[in-house]
Every structure is written in C-alpha cells, then in structure tokens.
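Subject: Structure handover

Hello,

Please find the structure below. My notes on what was found in it follow.

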Amino acid sequence: METPPTFFRAFGDPAHASVERALSELRSGRPVTIVEGGQALVALGVEALDETAAAALQSLGTAHLVLPSARLRRLGVERSGPGMLALPRIDLARIETLALKIDARVDAPVGPAGPLDGVVLELASLALILPAIVGVPMATELAPLDLVRVPAEAIRTYRRSLARTMRIVSRAPVPLEGAPETEFVVFRGGEGLRDQVAILIGRPDLSKPVPVRLHSACLTGDLFGSLKCDCGDQLRGTVKFMAENGGGVLLYLDQEGRGNGIANKMRAYKLQSQGWDTYDADELLGFGLDQRRFDFAAEMLKQLGVKQVAVYTNNPVKIAALKAAGLDVVEDRRAYGRQTSENVLYLASKRDRAGHFIDLDELAAHRPVTE
C-alpha cells in the first residue's frame with residue numbers, strides 16, 4: 001500500500017530531509033544530485049575525489065570545477081561570486097592545484113557559475129567540507145537514480161527555515177568550578193541538526209537585561225588551552241564573571257573555525273604556521289571572513305525566556321544578529337583574553353580586518369576578561 005504524503009509531512013518538510021541526507025552523503029565522500037526544473041548537477045567535493053570517483057563522474061558527461069570568489073581571488077581572478085572552470089578531463093593533480101595550492105594561478109578561462117553551482121557551494125558550507133566541488137550538469141531525467149536528490153530551493157532556504165526548529169531535548173544541573181549553580185540545556189535543530197548548548201549560570205533575572213555570551217566552540221582553545229587564540233580565556237572568564245555577578249546565559253555553539261569545521265580549521269592552521277594570517281589562510285581555502293550565523297542562537301535565547309540582553313562580545317556581527325532577531329540589546333561589553341606572542345597577530349587581524357572591538361593596549365596589560 002502506498003504511504004500517503006501526509007505521513008511524511010507529519011515529520012517535517014521532506015525537502016529539508018533531503019538536504020540533511022545530502023549533507024551526510026557529501027561528508028561521507030559520495031556524490032549527490034541537485035535538481036531544479038529540468039536541470040540537474042551531480043556534485044562531489046574535491047576532498048573525496050580519487051581515480052575511481054573521477055572515472056565514475058567522467059562517465060556521466062563533461063565536468064567542471066566550482067570555486068568560490070575567495071579562492072578565485074587567490075588564483076588571480078576578481079569575481080563578486082563563484083565561478084567555474086571546465087574539466088575536459090578530471091585531472092586530480094590539476095584539481096588539487098586549483099583548489100588548494102598556495103601559489104596556483106588559473107590555467108583556463110573562468111566562466112560564470114550557474115544557479116546550481118552556487119547552491120552546491122552552500123551545501124558544501126553546511127557539510128563543513130572544502131568549498132571546491134566537481135560537478136557534472138545534465139538533464140534531470142538522465143541523472144543517476146541511485147544518488148540522493150535534493151531540490152535547489154530547499155538548500156537555499158534551509159538555514160533560515162531551520163533556525164525556527166530549535167527545540168530543547170534535555171537539561172540537567174552541572175556544577176562547574178567557580179560556578180556551582182549551573183544548568184546545561186541542550187537544543188537540537190537548526191543548520192545541520194547539530195546539538196547546541198545553553199549554559200544557565202546562577203539565577204539570572206529574566207525581567208531585566210540578561211548577561212549573554214555567544215561562544216563558538218573552539219576545541220584547541222577551550223579544551224587544550226591553545227596559545228593561538230583567546231577563546232578559552234573568553235569562555236572561562238565570562239562564566240566566572242556571570243557566576244559572581246548575578247548569573248547569565250552562555251550559548252556554546254557548534255561553529256568551530258568560524259563555521260568552517262575542525263578539518264578546515266586545521267588546514268588553515270597549517271597555512272598560519274607558514275606565515276599567513278588567519279583571514280588570508282581561510283581565503284586561500286576559499287572561505288570568506290566568517291561563515292557563522294547567529295539567528296538560531298537568538299531563537300535559543302527566546303525559548304529560554306530572554307528578551308533583553310547585555311551581550312559580552314568583541315564581534316559587532318553578533319550584536320547586529322541579536323538585534324535583527326528581535327532581541328533588545330541594551331548593552332554590549334568586551335570579552336578579553338590574554339595577549340600572547342602566539343596570538344597577538346591573530347587578535348590584530350580580527351580588529352583590523354573584521355572590525356572586532358579589541359583594544360590591544362588593554363590586552364597588553366593582561367587585564368582579566370571581566371574588567
């Protein structure tokens with residue numbers, strides 16, 4: 001008996017489910033098919049490309065390499081959007097050079113990206129893979145039936161639509177050193193369905209502006225005490241301040257590496273070890289200044305009953321995002337960590353290139369993050 005369409009609708013939008021399946025396929029190194037109208041693009045991330053995969057894609061038709069504008073700039077081509085290079089033959093060495101080599105330059109004309117090319121880069125961003133894709137365009141009816149198919153429009157609207165699906169799935173008291181009255185609240189939903197955590201410190205008065213920090217996960221800094229950033233200091237300093245000053249809410253967001261993912265963060269760190277600054281390293285890999293979004297973070301705060309916030313951040317984008325989501329930002333204060341010989345250039349780059357509110361003179365004095 002055929003399952004009625006209403007059955008699938010009971011579990012959310014089937015189009016969004018297809019995006020999530022496509023994300024899993026790309027991260028697993030398998031191609032997906034993006035469809036719109038009568039057109040399709042069979043797409044695979046270059047980091048999953050080997051001789052076998054290249055031969056399989058080549059059998060489908062003429063392929064091309066999709067690159068974002070950031071990577072194209074590093075290849076010597078100024079573009080406001082993504083572009084594509086024809087691949088008469090899927091040459092692994094050539095693709096690796098165009099996608100990753102520091103001193104590479106374009107070796108063929110760069111054509112404008114088609115509508116599906118731009119969409120597949122959004123899918124790559126959601127999947128946290130390198131933003132370089134081999135695609136084979138074809139008519140929809142000719143695309144392989146055994147690949148996951150996803151409507152292009154579902155990818156375009158996925159982040160915005162899924163921000164509203166955040167829901168609390170568990171919560172429990174977790175006493176912390178220096179903050180014994182603390183509760184962890186786990187949310188699920190949003191982009192990639194990754195779990196996000198709200199940490200309620202003390203008993204903040206929800207009738208007043210609540211001290212809030214949006215903290216993107218940093219494995220190297222938060223857990224291992226990396227000297228390359230100030231993330232761990234910001235995290236622990238903010239928790240300490242909230243515990244000693246009436247409480248607050250810290251959102252611990254799964255957005256490692258400014259939203260690029262841990263694998264790409266390590267690629268960028270390797271480039272930084274060769275002398276590139278944090279933003280140049282990301283651009284060499286094809287990333288812009290910051291891939292993070294904070295609309296789902298605002299939704300988490302709303303579900304916790306927070307309406308007014310005093311936000312602790314150096315990042316003007318976070319402040320603007322909370323305001324745009326309808327929260328009343330009554331105050332913004334800085335969240336400083338220590339300045340070290342290893343992170344001073346990183347901090348200066350965030351100030352000079354991304355507009356972060358960072359006072360290097362204050363940092364040099366090694367003042368606590370709560371002052």
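Two strands are taken to pair if DSSP finds at least two bridges between them; strands (E, at least two residues) and helices (H or I, at least four) are DSSP runs, numbered from the N terminus. By that rule, β10 (residues 196-201) and β12 (residues 248-253) pair in the antiparallel sense over five bridges. Within this pairing, V197 has Y252 of β12 as its bridge partner.

This is a predicted model, in which local features need pLDDT of at least 70, side-chain atom pairs count only at pLDDT 80 or more, and totals for chains, interfaces and linings use all residues. Residues are numbered from 1 along each chain as its sequence is written, and side-chain values use heavy atoms, with hydrogens and water left out.

Confidence: pLDDT is the predictor's confidence in each residue, from 0 to 100. The protein chain has a mean pLDDT of 92, with 94% of its residues at 70 or more. Over residues 367-371 pLDDT stays under 50, and the model has 13 contacts (heavy atoms within 4.5 Å) for them beyond four places in sequence.

The sheet: seven strands form an open sheet in the order β8-β9-β10-β12-β11-β13-β14, with mixed pairing. β8 (167-173) and β14 (328-333) are at the edges and have a single partner strand each, so one side of each is left without a neighbour in the sheet. Helix α9 (residues 231-244) packs on the sheet and touches β10, β11 (210-216), β12, β13 (308-312) and β14. Helix α13 (residues 295-303) also packs on the sheet, touching β8, β9 (182-188), β10, β11, β12 and β13.

The cores: a nonpolar core is a set of buried Ala, Val, Leu, Ile, Met, Phe, Trp, Tyr and Cys residues joined through side-chain atoms within 4.5 Å. Buried means under 20% relative accessible area and exposed over 50%, with partly exposed in between (1.4 Å probe, protein chains only). The largest core has 36 residues, and V46, L49, L57, L65, I90, I95 and V134 have the most contacts inside it. Elements that each supply at least two of its residues include α3, α5 (92-100), β6 (133-139) and α11. Apart from this core lies another, of 27 residues, among them F187, A198, F296 and M300.

Leaving aside neighbours within four places in sequence, K265 is in contact with C218, L219, T220, E256 and G257. E51, in helix α3 (residues 51-58), is exposed at 60% relative accessible area.

Regards

How values were computed. Axes fitted to C-alpha atoms, helices over the stretch in contact; angles between N-to-C directions.
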